[in-house]
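Please look over this chain before reading the points. They are written for someone new to reading structures.

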Amino acid sequence: MKRAILASVIARERRAIGLGIALAVAILAIERPVFGQDAQHWLGTWFASSTMRVDQPPAQAQSAPSISNDQASEIPPAVMAVAPSQKLVLAGQSPLHFNNQTLRQIVHVTVGGSRLRVVLSNTFGTVPLTIGAAQLAVRDKDAAIVPRSNRILTFGGEARTTVPAGAILISDAVDLVVRDFADLAIDLYLPDDTAATETPMTTHAASWQTNYVSPPGNHAGAISMPVQTTTAYRRGDGLPGSTWFFLARVEVMAPPQAGAVVALGDSLTDGTASTIDTNNRWPDHLARRLANAGARMSVLNAGIGGNRVLKDGNGPSALARFDRDVIAQTGVTHAIVLEGINDIGQGRENASPTAADLIGAHKQMIERAHARGITIYGATLTPFEGANYWTSVGEAKRQAFNEWIRTSKAYDAIFDFDAAVRDPSQPTKVLARYDAGDHLHLNAAGYEAVANSIDLMLLRLR
């Protein structure tokens, strides 16, 4: 009798264990992450780091040596084509406000697809941002779009929406065939007077891409949008620049093997002196190299001109924005960090910040990336002797920091951007053929050299 009872108990327990295993397998099957396994997933294919614009008096020309660039005194051809009478305002970014106008902004995607969505940003706004209408299209030329490529963007099914203060808003997905490295036009009709709200504007100051502003009215989706002006301006060093407003990201439905590389940095990543409307930033060159190698990897540019690691200035510090600009990127698998030259340069001959301060901050970013399963690479800081904020004290910090990058093995691997562009006979200086003229920034050839120094095998998905 006891044996029978014992056998019955054992049988019940075995059945329970079997059911538990089956249930666990079913749960794993349901909860298995879509990304990187056996289904398509959303992937960021274009990104711009958000910064805050607070209206200030007009800028003054810099007394420091300007960048030697053939286009420094010219109005960009894209501006001349649609707004030939526009005068480029001297400023740190476009000072425009909008009132019952349509903003057509051009973005250059890295990975194409047939299903997309757009992320709008009011990150630094203190009041809701009203979007009267929004559309997405394939850009043809200048401010024109390819006929029948325009798609109405909705948000929760509604064509009119508001982006809450401090928030982002993801559009509903649209079907649109977009090739790799296509230019997209994102139209935002802004019915309210942004100047009247007296709120900080969420922008990306240096888009290095001409964007277009209509006369009054909703012109979203117009094949040839009428243009009143552009978001172009002139920097203090003479270079023409341009600005993106209220855009955070474009995402594409991608195959399971696709991933995203985030390039976190300052003006050297943002593309200063790469020339406007040419997509010659080093992340652009890296994206093309990856595509030519057959890798389905997008490259998201998280550079902000003038950015620092330890302190806010031109945008939040790298430490402050790391979660938003790296960890939160859709589909991110890898990150490359090139940050610290502004901390060193702006410190001039002061002891602070030290190389150890910068190293400690980079260790923090490494830990935060690894905690989310992101492979993270460090890049050596490029030479800057001759720049207006170079000092021998700063050079010693750069050398110490680069030595740590090369030898510590704290990063998963390193890319030696310093070695890629330095002058072998004067290693504290950029090689003349890569120097944009201010002895800090690179020209298009220099940015390409930096991208070519990256080992693509290290960017493969795990």
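The numbered points below go from the whole chain to salt bridges, a sheet, a helix and a cavity.

1. Basis. This is a predicted model, in which local features need pLDDT of at least 70 and side-chain atom pairs count only at pLDDT 80 or more, while totals for chains, interfaces and linings use all residues. Residues are numbered from 1 along each chain as its sequence is written, and side-chain values use heavy atoms, with hydrogens and water left out.

2. The chain as a whole. The secondary structure comes to 10 helices and 25 strands (DSSP runs numbered from the N terminus: helices are H or I with at least four residues, strands are E with at least two). Of the 462 residues, 55% count as buried (buried is under 20% relative accessible area, exposed is over 50%, and partly exposed is in between, with a 1.4 Å probe and protein chains only). Among contacts between residues at least 6 apart in sequence, 81% join residues at least 24 apart; a contact means heavy atoms within 4.5 Å.

3. Salt bridges. Side chains of opposite charge can pair when their charged atoms come close. The count here is 18 salt bridges (a side-chain nitrogen of Lys or Arg within 4 Å of a carboxyl oxygen of Asp or Glu). One of them joins D180 to R296, with the closest N and O atoms 2.7 Å apart. D180 lies in the loop between strand 10 (174-178) and strand 11 (183-190), and R296 in the loop between helix 4 (282-292) and strand 20 (297-303), so the pair links distant parts of the chain, 116 residues apart.

4. Exposure of the pairs. E251 and R249 form a salt bridge at 2.7 Å, N to O, and both are buried. R281 and D284 form another, at 2.7 Å from N to O; both of these residues are buried.

5. A network. Salt bridges also link E395, R398, R406, D416, D418 and R422 in a network.

6. A sheet. Strands of a sheet pair through backbone hydrogen bonds, either parallel or antiparallel. An open sheet of 3 strands has the order 2-12-17 and antiparallel pairing (two strands pair if DSSP finds at least two bridges between them). Strand 2 (51-53) and strand 17 (244-245) stand at the edges with a single partner strand each, so one side of each has no neighbour in the sheet. Strand 12 (residues 201-204) is joined to strand 17 by 2 bridges, and H204 stands opposite W244.

7. Helix 5. Which residues of helix 5 (residues 318-327) are buried? They are A318, R321, F322, D325, V326 and I327. Their cover includes strand 1 (41-47), strand 19 (259-265), strand 20, strand 21 (332-338), helix 7 (355-371) and strand 22 (375-379).

8. Cavities. There are 3 cavities of 30 Å³ or more (a cavity is a set of points, on a 1 Å grid over the protein atoms alone, where a 1.4 Å probe fits but cannot get out; lining residues have an atom within 4 Å of a point). The largest cavity holds about 190 Å³ of space, a volume being the space filled by probe spheres set on the points. Its lining has 21 residues, of which W46, F47, R281, D284 and N301 lie nearest the centre. Strand 1, strand 3 (101-108), helix 4 and strand 20 each give two or more residues to this lining.

Conventions: 1 Å grid on protein atoms, 1.4 Å probe; cavity = no way out; pocket = protein on both sides within 12 Å on 5 of 7 lines; lining within 4 Å.
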